[in-house]
Amino acid sequence: MVEIRECTAGDAAAVAELAAQLAQSFAFAPERFRESYAALLDDRGACLLLAVDDGEAAGYLLGFRHLTFYANGPVGWVEEVLVRPSRRSGGVGRALMDEFERWAARRGCALVALATRRAAGFYAALGYEESASYFRKVLPPQ
Ligand SMILES: CC(C)(COP(=O)(O)OP(=O)(O)OC[C@H]1O[C@@H](n2cnc3c(N)ncnc32)[C@H](O)[C@@H]1OP(=O)(O)O)[C@@H](O)C(=O)NCCC(=O)NCCS
């Protein structure tokens with residue numbers, strides 16, 4: 001049975017190993033990961049969840065709550081979700097998303113949204129509707 005819990009400082013190595021698998025547009029940078037990880041644990045608007053199955057880190061989710069005008073208040077945004085390949089199709093991704101939805105609902109969010117390129121079918125299975133296209137511009141390093 002998979003357990004979903006908030007990450008602690010001691011989970012940094014496990015989350016790094018998973019997050020490195022998600023990196024595509026940018027090469028995974030361990031030093032930058034450590035800085036971001038510490039800051040995220042202190043950020044009350046951030047939600048960093050770990051799925052643990054049989055003592056092994058099976059997946060993680062990084063999401064945020066932020067204020068908007070269009071929804072008359074806060075919304076939840078899923079930035080990253082990844083399940084270890086050997087643990088996929090076993091309900092871990094759904095469990096992570098369910099927990100994030102509860103986290104966001106407790107904090108008054110009107111909706112949960114995200115952008116995806118590779119996992120549209122997963123979100124559709126969870127009841128998400130396609131709503132907008134996603135544009136981005138990679139900025140030059142400062
Ligand atoms: C997308 C991902 C998180 C799904 O995690 P998972 O643990 O395999 O998903 P679950 O087993 O909880 O699946 C939940 C539901 O989604 C469906 N689903 C999962 N992946 C799917 C896919 N790629 N296409 C269509 N449906 C999918 C499952 O069939 C299941 O449906 P059901 O409950 O009606 O049977 C996982 O495949 C992953 O880490 N992918 C690589 C990283 C990635 O693409 N992350 C998303 C970036 S935005």
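Which residues of α3 are buried?

**View 1. The buried residues of α3.** They are Val92, Gly93, Ala95, Leu96, Met97, Phe100 and Ala104. Buried means that 20 or more other C-beta atoms, placed from the backbone, lie within 10 Å of a residue's own. The model is predicted: local features need pLDDT of at least 70, side-chain atom pairs count only at pLDDT 80 or more, and totals for chains, interfaces and linings use all residues. Residues are numbered from 1 along each chain as its sequence is written. The cover over these α3 residues includes β1 (3–6), β2, β3, β4, β5 (112–114) and α4 (120–125). Helices (H or I, at least four residues) and strands (E, at least two) are DSSP runs, numbered from the N terminus.

**View 2. The largest nonpolar core.** This core has 25 residues. A nonpolar core joins buried Ala, Val, Leu, Ile, Met, Phe, Trp, Tyr and Cys residues through C-beta atoms within 7 Å. Leu49, Ala51, Tyr60, Leu61, Leu96 and Phe100 touch the most other members. At least two residues each come from β2 (46–53), β3 (56–68), β4 (73–83) and α3 (92–106). The most come from α3, which gives six.

**View 3. Around Leucine 96.** Leaving out residues up to four places away in sequence, Leucine 96 touches Ile4, Leu49, Ala51, Gly59, Leu61 and Val81. Contact means C-beta atoms, placed from the backbone, within 7 Å.

**View 4. The length and end of α3.** Its 15 residues reach 21 Å from first C-alpha to last. That is close to the 21 Å expected at 1.5 Å a residue, counting one less than the number of residues. Just after α3, glycine 108 has a positive phi of about 80 degrees.

Conventions. Buried ≥ 20, exposed ≤ 12 C-beta atoms within 10 Å, placed from the backbone. Contact = placed C-beta atoms within 7 Å.
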